Amino acid sequence: LLSDVPCRYRLVGEWNNARITGLSMDSRSVQPGNLFFAISGENADGHRYIRQALENGASGVIGEKPLEENIAVPYIQAGNSREMLAYIAAAFYGHPARNLTVIGVTGTDGKTTTSNFIFQIMLRAGLHAGIISTVNAVIGDEVLDTGLHVTTPEAPDIQRYLSRMDSAGLTHVVLESTSHGLAQHRVTACEFDIAVVTNITHEHLDFHGSYEAYRHAKGLLFRMLEDTTVKQHGNPRLAVLNMDDVSYDYLHGISGRNQRSYSLNKVNTSADYRAEDIRYTPNGLNFVIVSEQTRQPVTCNLVGTYNVSNCLAAYTACVDGLKIPPEIVAEGIASLKTVPGRMERINMGQDFTAIVDFAHTPNALLRALETARQMTNGRVIAVFGSAGLRDRDKRRLMAEISQEYADVSIITAEDPRTESLTDILAEMARAAAAKGGTEGQSFYRIPDRREAIRKAVGMAQPGDLVISCGKGHEQSMCFGTVEYPWDDRTALRAALAEKLGIEGPSMPTLPSA
């Protein structure tokens, strides 16, 4: 397992020739023969649980700190336990990524949608492809849930998925890569062949500390291209960059020679791929992707200008990186009907539009509300919150954006975690008021997300648009340290059924605010 690890480490004790049966980061789940990784996390230090891991049968331990007492199994002291975990997980599962063409997609907003476009394009081209996203992992006909909350799965999970894809005869995989996943080495050793960025805007500064550090984490995906092992089927090593985004100069500087760019901006005439003749319809988008070689008409079933950009990113990766013909790429884009929780329409027969969207960043909320405005001549009624224990600046920014772009804003719970929900909403209300809003008229504070959605649906008139933002496809909401089952789409259907007096799902339950 250590033969291919490029990290420096030190062995404490002696090798015992133990056969490693599995890898574990949780001492409670250690099985006999497992290699236990002591991870220093945000809320717990795995080194404190080494003794429990040994009692459960661990055959070896990898950590970062000197041992406080001698143990009867090998202890490997590394500079970074997570980095070691990634490389050892890859070795444990037989380096499956070396047999696959791996496309990584990163960015603040649009990662999941762009990943799904690429996945559908590959299927349309007849490639045996899989996907690992923050929504699910798809391996052939099997769809696996990748978690309750949006983040990249841990390294052993990713390598296990890749191994199953390799064993199933898949040849290509698109892997959505979050900043946490990159910074915490969850996607290290994934042997990326193509790296794609959507945008890098304001998000996760609570974790990364600054925009520059956040951008650096995203940039790791592009630096990894040069580290990819030479593969028998070839190495595109292609960087796909957004010339419209503030990240472009930075990523252009750190990526290798093989780069391609895309742009919506008519000023960026040097972009390799551009969108022209964009036309918006109630059911999606029509536009033409232009390059030096071709003009390819494209029809997209998703709404919003930002999805033109997502299409461009996917098109560039597939045409230039995978050498798929432009017309096949266009067919693949057109085959994607919807992405769970992304501008997903909920229709129970009401006379107004109801939508659930994952927008949980200032930029995503802005784009969602801009798109909502294009979709209706009535009022836009927005329901949203801001998560606890996350970047506090988002609260002010999102309240200001909704005050400016929505007719009515209803601020409510969105994963308050251990923070005071009352305090979170008070911050947002102050920002809305400072932007010229009036509480009880242009904005409301309703802590209970169920009642917030009911309020939005109840006040909606014919032709209006209700949009519930922030949760999207997610299946839980965190209060304190407990994840409670929650689905915005179910809640919106329940509220609509109540208003219409028809049968529908029951409103999900939540703890009292």
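Modeller: His185 lies in the loop between helix H5 (179-183) and strand S11 (194-197). Helices (H or I, at least four residues) and strands (E, at least two) are DSSP runs, numbered from the N terminus. His185 is not a glycine, yet its phi is positive, about 60°. Because its relative accessibility is 17%, His185 counts as buried; the word buried means under 20% relative accessible area, exposed means over 50%, and partly exposed is in between (1.4 Å probe, protein chains only). Ala189 is found in the loop between H5 and S11 as well. Its phi is near 70°, again a positive value in a residue other than glycine. Ala189 has a relative accessible area of 15%, so this residue is buried too.

This is a predicted model, in which local features need pLDDT of at least 70, side-chain atom pairs count only at pLDDT 80 or more, and totals for chains, interfaces and linings use all residues. Residues are numbered from 1 along each chain as its sequence is written, and side-chain values use heavy atoms, with hydrogens and water left out.

Take H3 (residues 111-124) next. The expected span of a helix is 1.5 Å times one less than its number of residues. For the 14 residues of H3 this gives 20 Å, and the end C-alpha atoms are 20 Å apart, so the two values agree. H3 is mostly covered, with eleven of its 14 residues buried. Among them are Lys111, Phe117, Ile118, Phe119, Ile121 and Met122.

H4 (residues 155-167) has 13 residues and reaches 18 Å from its first C-alpha to its last, close to the 18 Å expected. Its buried residues include Ala155, Pro156, Ile158, Gln159 and Tyr161. What covers the buried residues of H4 includes H2 and the strands S7 (129-132), S8 (136-139), S9 (142-145) and S10 (172-176).

How do H2 and H4 meet? Two packed helices are described by the angle between their axes and the distance between the axes. Axes are lines fitted to C-alpha atoms, for helices over the stretch in contact, and angles run from 0 to 180 degrees between N-to-C directions. The axes of H2 (residues 81-92) and H4 come within 9 Å and cross at roughly 25°. H2 and H4 are therefore roughly parallel to each other: angles under 35 degrees count as roughly parallel, over 145 as roughly antiparallel, 65 to 115 as roughly perpendicular and the rest as oblique. Leu85, Ala86, Ala89 and Ala90 of H2 make the contact with Ala155, Pro156 and Gln159 of H4, where contact means heavy atoms within 4.5 Å. By class, this contact has six nonpolar, one polar and no charged residues. Ala, Val, Leu, Ile, Met, Phe, Trp, Tyr, Cys and Pro count as nonpolar, Asp, Glu, Lys and Arg as charged, and the others, Gly among them, as polar.

A further helix pair is H12 (residues 393-405) and H13 (residues 421-434), whose axes come within 8 Å and cross at roughly 45°. H12 and H13 are therefore oblique to each other. The contact includes Arg395, Arg396 and Glu400 of H12 and Ile424, Glu427 and Met428 of H13. Its residues divide into five nonpolar, one polar and four charged.
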